[in-house]
Amino acid sequence: SICGLDRQAAQQAFEGFIVGKSLSARQLDFLTLIIDVVAQRGVITVGDLYEGPFADRAPNGPEDLFANEEINVLELVFKDLHDRACPTALAA
């Protein structure tokens, strides 16, 4: 089972998403929560963003805070984290 990820590593995973953006306080809060959950769990999916604790900050999901293109980029970051967390057949 996955037991989490170093918080700094989790933050670095989202740097590409943040660079060049002027995020609102609500967006930064939501992204910080994503990073906290990734640091705790190791992986996350877009589907998780529609459930607690995320739904407390964005009741209608990430679309409350981000454009569809941005959500797609987050999904790519999540996939990259998952791919790095799960061993390949050769490594297993």
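**View 1. The buried face of α3.** The buried residues of α3 are Gln 27, Phe 30, Leu 31, Leu 33, Ile 34, Ile 35, Val 37, Val 38 and Ala 39. Please keep in mind that this is a predicted model. The helix is 17 residues long, and 24 Å separate its first C-alpha from its last, close to the 24 Å expected at 1.5 Å a residue.

**View 2. The largest nonpolar core.** This core has 25 residues, and Phe 14 and Ile 34 touch the most other members. At least two core residues come from each of α1 (7-13), α3 (25-41) and α5 (68-85). Which helix gives the largest share? That is α3, with 8 residues. In soluble globular proteins, nonpolar side chains tend to be buried together.

**View 3. Around Ile 34.** Ile 34 is one of the buried residues of α3. Setting aside neighbours within four places in sequence, Ile 34 is in contact with Phe 14, Ile 44, Leu 49, Phe 54, Leu 74 and Phe 78.

**View 4. Stepping back to the whole chain.** The protein chain holds 5 helices and 0 strands, in the order α-α-α-α-α along the sequence. Of its 92 residues, 34% count as buried. Among contacts with a separation of 6 or more, 68% join residues 24 or more positions apart. The chain exposes about 5,600 Å², of which carbon and sulfur atoms supply 52%.

How values were computed:
Residues are numbered from 1 along each chain as its sequence is written. This is a predicted model: local features need pLDDT of at least 70, side-chain atom pairs count only at pLDDT 80 or more; totals for chains, interfaces and linings use all residues. Side-chain values use heavy atoms; hydrogens and water are left out. A nonpolar core is a set of buried Ala, Val, Leu, Ile, Met, Phe, Trp, Tyr and Cys residues joined through side-chain atoms within 4.5 Å. Buried means under 20% relative accessible area, exposed over 50%, partly exposed in between (1.4 Å probe, protein chains only). Helices (H or I, at least four residues) and strands (E, at least two) are DSSP runs, numbered from the N terminus. Contact means heavy atoms within 4.5 Å. The expected span of a helix is 1.5 Å times one less than its number of residues. Accessible areas come from the Shrake-Rupley method with a 1.4 Å probe; for residues, only the protein chains shown count as cover.
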